[in-house]
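Please read it beside the sequence and the coordinates.

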Amino acid sequence: MEKGKISSLQMAIMMYPGIVATAILSVPSITAKYAKTDFWLSPILASLIGYMTVYIAYKLHKLYPKQTVIQFSEQIIGRFAGKIIGFLFLVFYIQITGNMLRQYAEFVVDSFLVNTPISLIIALMALLCSFIVRGGLEALGRAAQLFFPIFTLPLLFLIILVFPDFEFKNIFPILGEGMMPPIKGAIVPGGWFTEFFLITFFLPFLTDQKKGMKYGMMTVFVVMMTLVVVNLIVLFILGLATSFKVYPLMSVGRYISLGGFFEHLESAVMAIWVVGAFIKISVFYYGIALGTAQWLNLSDYRPIVWSLGILLVIFSFWSLPSTVELHKYSVGTFPLLGLLIQMIIPLFLLGIAVMRKRKRQGSE
Amino acid sequence: MLLYKLPLMKNYRKRELIATCKKNGGSNLIRNINKLLRKPKQKNNDIQAEQERQDVKPVDFLSNHFDHNVEAFRMVYDRCSDVVFRPFLLFGKKRATIIYIEGITNVEGMEEFVLSPLIKETASETQPLNEFLENKLPISKVKRMHTIAECIESISSGNPILLYEGESAGFSLGLAKWEKRGIEEPIAEVGIRGPREGFNESLEVSTSQLRRIIKSPALKIQSMKIGSYTQTTVAIAYIDGLVDPTLIEEITNRLKRIEIDGILESEYIEEMIEDNPYSPFPQILSTERPDTACSSLLEGRAVILVEGTPFSLIAPISLFSLLQSHEDYYQRFMVGTLIRWLRYSFLSISLLLPSFYVAILTFHQEAIPTALLLSVSASRDAVPFPAVVEALLMEIMFEALREAGVRLPKQIGSAVSIVGALVIGQAAVQAGLVSAPMVIVVAITGISSFMIPRYIAGIAIRILRFPIMLLAGTLGLLGIMMGIISIVIHLCGLRSFGVPYLQPLAPLKGRELKDVLWRSPLWKMDTRPHLTGEFNRYRQSPDLAPSSKKGGDTQ
């Protein structure tokens, strides 16, 4: 179905904005609400979920090297039950991708294009993403590779530019209320880390399959480091006020002042962030398109890309009536739902698969 | 035999016909001959013409009849005033005719080496006439031609045909000579340092220039003829052992499927063989510099030379080939790197500056420093248009001005630029139609678009500037990002003869970044870029870095 091949490095580079792009947007403030000054520790704890997810995905991939989750779930628990699990995955991914679109558009409309209809912003992004998804995995990998420095280097510049405003004492007290607050705070970012299960859609198409695990783990680590750094920046600048901001990193952007001349560079930060959002949505979109085609036993996923795009746009409206709901969803539903679909179910699949393999070997 | 078949084969597809001709060792010229020979039939149906046609038609091979042969050629070259038939008596006995085209044949040479000896001398009976002609004529190339098609090809390329009584073959005499432009400096690709030779309209001159630089016999030049009327010679040059053989096969196949009436410039070829015809970006590089062509050959690329134009084609390429200039390698590497970076940054300015101006002025005024904002808004006070209209107006005007300057004769060109500069610059601002900052933006954009060393790549950027300006006018910075993302999506899917267009950045090839992100010193460029398939990795020995310690024993 997919004739293109990508390298593990490309997969890692695709997954990085795939997690980070939305995680740096609202997650710091949500985490800060629970973990207070220790919210920079939460990503470290949450990343454990990420490592486990990658491990499960890779083990499943090892057992069924040429298949994605949609295909091997049928092999593991039978055709009918497998189809149900596959459907669950697809609905879940369509729904969260719709959510991402909405989140992206809400952010853009809220902060910059106040008078522009949100549907236009969503539709344009969906259109761009469907172009790259139709371009295939190779094109997606290349685009991610090209945008990677555009997305990450400004983050480094940000550190340098806002360094004069750092208040290092904001970090204290460290673990003043014990370990519980950071653990509580880790639940929400944990939901983001479960999204690493998406590598199951890329592992079969790697040119160097053996490195899949290594690069997957490395990506989790780099994502964790990025989130820690972002949380620290936010903490040093905003302190306890972080939890009141909707988009804390954007508020940090307001502190940029370059020689007293360039100020208020939020719009530039937004423009750069859009690149990350584009990669993130495209990566998920690709997974959905490939998965749906496999679920329906189609020979190619390209013909259904447009219709899936429309579905994504619709889901971005259906699933969330308002930004308040969006926030509630991010805090309450998503971490648990993500954990269930992207970690518990795969774990359960892996367990059965391993047992079946043992049984088969035993009978032989 | 071949010609005889032609009318029957009308229903067959042309491709098959040409294929059969090639198989039979004939020439592709038959299409023309076919038409010419059929003319009498179409025009008058009286018996005589019918007779004539029947006489001529089977004469695919030259007949034993001297008169028939001459008559056949006279009919083919009916109403061609530049074709000369020169009858004479061979050794005072046999009737003979020389057929040539004025202007592309060396007439003096013909008089001196062909006509005067053949008319004066008497034949020694010891050896047959045809052997005498082949052995004794003081001409380097004498070839026997057996078919009319071959003879016509020979005549058209300037080599006269000698026919005489009692011989069923024509002798093609290698006396082609026509007016050529001398080797001149390449006008479209000038530089301060480096060879000043450019390719030439004549294919032999161009190939000889390649051969003069690369003396190894591994430099192969294969030629073919394209264009049913122009019969333009197209040559593929490559270095055996460096090039991927499948690439040459692919290029040959793509060239072979061109069926066109004429090739006037290498662009004709380019448009027929590129991977994505609907892309604003050129996927084949054109150059008129032999040194640029040779450096591509040494990197394992193929060069396609086309007769009648100094511009040769290079394939495969990546986007970055379009942004490299020959002078990057003829200067110190630091200078080369710096200039390359200057070029990259001005490339993005050329693409985005007017859009940025529009976006920030329309949507993100807060990002402009206060002092600047005040002066900009003061100068925009009198302007009645929104920024995007102003920018579009000025950019279109500038493009028009540039186009007018390129196409016009030099004398008028300067007048256009003076008037344009006055209108666009001074008068428009004073009249309050555009603001002064806008003029500055347009000027910077214009200058930066001249920074791109390849004209064709510059055009692509110029085209893309306009949609991005519209996006900037409607969605601000977000619109610009959308524009950039869509360009990147397009580029990520683009290939040039199987090579990803953004290589070595995406997909990342660490080893090749040395010639893209910076220009490594030549002694560090040990490896060739990997294009497709097998490749010859190392181009030089590894430890070439010069240093004073590496000198000889001489004190």
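The numbered points below treat chain A and then chain B.

1. The structure under discussion is a predicted model.

2. In chain A, helix 5 (residues 118-135) packs against helix 10 (residues 266-295) at an angle of about 60°, and their axes are 9 Å apart. Angles of 65 to 115 degrees count as roughly perpendicular; helix 5 of chain A and helix 10 of chain A are therefore oblique to each other. The crossing of helix 5 of chain A with helix 10 of chain A is right-handed.

3. The contact between these two helices draws on Met125(A), Leu128(A), Cys129(A), Ile132(A) and Val133(A) from helix 5 of chain A. Helix 10 of chain A contributes Phe278(A), Ile281(A), Ser282(A), Tyr285(A), Tyr286(A) and Ala289(A). By class, the residues of this contact comprise 10 nonpolar, one polar and no charged.

4. Helix 4 (residues 79-111) of chain A packs against helix 11 (residues 305-318) of chain A at an angle of about 70°, with axes 7 Å apart. The two helices are therefore roughly perpendicular to each other.

5. On the side of helix 4 of chain A, the residues that meet helix 11 of chain A are Ile94(A), Gln95(A), Thr97(A), Gly98(A), Asn99(A), Leu101(A) and Arg102(A). Their counterparts in helix 11 of chain A are Leu311(A), Leu312(A), Val313(A), Phe315(A) and Ser316(A). This contact divides into six nonpolar, five polar and one charged.

6. Chain B contains 18 helices and 12 strands. Of its 555 residues, 37% count as buried. Among contacts in chain B between residues at least 6 apart in sequence, 65% join residues at least 24 apart.

7. Strand 1 (residues 83-90) of chain B pairs with strand 2 (residues 94-101) of chain B in the antiparallel sense, over eight bridges. Arg86(B) has Ile98(B) as its bridge partner in strand 2 of chain B. Three residues lie between the strands of this hairpin, in which Phe91(B) takes a positive phi near 50°.

8. Which residues of helix 11 (residues 266-273) of chain B are buried? They are Ser266(B), Tyr268(B), Ile269(B), Glu270(B) and Ile273(B). The elements that cover the buried residues of helix 11 of chain B include helix 10 (245-256), strand 7 (232-239), strand 8 (285-287), strand 9 (302-306) and strand 10 (312-315) of chain B.

How values were computed: Residues are numbered from 1 along each chain as its sequence is written. Chains are lettered from A and ligands numbered from 1 in the order in which they are written. This is a predicted model: local features need pLDDT of at least 70, side-chain atom pairs count only at pLDDT 80 or more; totals for chains, interfaces and linings use all residues. Axes are lines fitted to C-alpha atoms, for helices over the stretch in contact, and angles run from 0 to 180 degrees between N-to-C directions. Helices (H or I, at least four residues) and strands (E, at least two) are DSSP runs, numbered from the N terminus. Angles under 35 degrees count as roughly parallel, over 145 as roughly antiparallel, 65 to 115 as roughly perpendicular and the rest as oblique. A crossing is left-handed if the near helix is turned anticlockwise from the far one by less than a right angle, and right-handed if clockwise. Two residues are in contact if their C-beta atoms, placed from the backbone, lie within 7 Å. Ala, Val, Leu, Ile, Met, Phe, Trp, Tyr, Cys and Pro count as nonpolar, Asp, Glu, Lys and Arg as charged, and the others, Gly among them, as polar. Two strands pair if DSSP finds at least two bridges between them. A residue is buried if 20 or more other C-beta atoms lie within 10 Å of its own, exposed if 12 or fewer, and partly exposed in between; C-beta atoms are placed from the backbone.
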